[in-house]
Amino acid sequence: MLNKIKALKQEIESATAVTQDELEQYRLHFISKKGELTNLFQELKNIPTDKKREFGQALNEIKQLAQSKFRDLVSDLERKKSIPAGTDADLTLPAYDPVGSVHPITATRNRIIEIFKRIGFNVADGPEIEDDWHNFTALNFPPDHPAREMQDTFFIEKNPDILLRTHTSNVQIRLMKKQKPPIRAIMPGRVFRNEAISARAHCIFHQVEGLYVDENVSFKDLKATLFYFAKEMFGKSTKIRFRPSYFPFTEPSAEIDISCFICGGSGCNICKYTGWVEIAGSGMVHPNVLENCDTDSGKFTGFAFGMGIERIAMLKYQIKDLRLFTENDIRFLQQFKTMI
Ligand code: DAH
């Protein structure tokens, strides 16, 4: 008897019902009045009295198992019936708000493009998988520059000459190689760095590069262009300042700060009580870079800049954690619904 109970238990556990017929088979076989369980209950009367209790209990457990399995099979079958053939969609899940929204990174990128387009910048694009020359060498990185080291750059193991671009500056090179000045373009895109993910860092993020090369382009043009951008992006009362800095591909180089648009410069936790927040790196294109791209550095000059799209979005919308951009939490994303 015990063996029979065990065998029946296994049978119930492994039973499936893909069709209505199979479901009916299951019902007949296990739980109907003429089913296996009823048979076993009838055998109970042949069991010695002192064992009856033990067997009765085991049988009752199996009965419950058989019934709950039946309920599971019924609901599985109902669910499957509601899915159109050939799809994996589970139409029984509750509907979510079907109106999507533009991701804040896309919205910020679109806004940046729109502002620069108004003052004559085209949009250019370049590869995310790049070679050392376009990502570093042509941009005047000395061979031993720390940014080339393994901790920053994702190199392709089989061919260390190939890497995931660490910035969008590679597109400057590609553009100058294929187009003669005047060049006035912005270059948005994804970039990759070997960084641990935290509230302030991610291994994938977005930048917008800017490049203007022509005769007589000066630092004054750089200042006026970025000042215009800052006012359009962050509000008319925004001020900017240039802090001397270093990039191998620009000389002179500067970091661009804007006056904190939250506190207006008086100091708050967004600007860490300095009154200023950094938005971009910039400078005059280094003559070596122009020459590397067959552009006559005696005739042409240019300015370039690069900014992080996440950073601009975080400042503008006061987003405190970079991870929110990639977690796809609908509560976060829905806040940007009205944006385009
Ligand atoms: N490529 C730099 C970075 O990723 C940003 C940058 C700085 C770009 C100065 C520029 C520039 O074009 O002129 O940190």
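A crossing of two helices is left-handed if the near helix is turned anticlockwise from the far one by less than a right angle, and right-handed if clockwise. Helices (H or I, at least four residues) and strands (E, at least two) are DSSP runs, numbered from the N terminus.

The model you are looking at is predicted, so local features need pLDDT of at least 70, side-chain atom pairs count only at pLDDT 80 or more, and totals for chains, interfaces and linings use all residues. Residues are numbered from 1 along each chain as its sequence is written, and side-chain values use heavy atoms, with hydrogens and water left out.

**A pair of helices**

Let's start with helix H1 (residues 2-14), which passes helix H2 in a left-handed crossing. H1 and H2 (residues 20-31) pack at an angle of about 165°, and their axes are 12 Å apart. Here axes are lines fitted to C-alpha atoms, for helices over the stretch in contact, and angles run from 0 to 180 degrees between N-to-C directions. The two helices are therefore roughly antiparallel (under 35 degrees counts as roughly parallel, over 145 as roughly antiparallel, 65 to 115 as roughly perpendicular and the rest as oblique). Leu8, Glu11 and Ile12 of H1 meet Tyr26, His29 and Phe30 of H2, where contact means heavy atoms within 4.5 Å.

**Strands side by side**

Strands of a sheet pair through backbone hydrogen bonds, either parallel or antiparallel. In this report, two strands pair if DSSP finds at least two bridges between them.

| E2 (residues 129-131) and E4 (residues 159-164) | three | Ile129 with Leu164 |

A hairpin of two residues joins E3 to E4.

**The seven-stranded sheet**

Now follow the open sheet of seven strands, which has mixed pairing and the order E1-E5-E6-E10-E9-E8-E7. E1 (122-123) and E7 (240-247) stand at its edges with a single partner strand each, so one side of each has no neighbour in the sheet. Helix H8 (residues 219-234) lies across E7, E8 (250-259), E9 (276-285) and E10, and runs at about 125° to E7.

Leaving out residues up to four places away in sequence, Ala280 touches Ala254, Glu255, Ile256, Gly306 and Met307.
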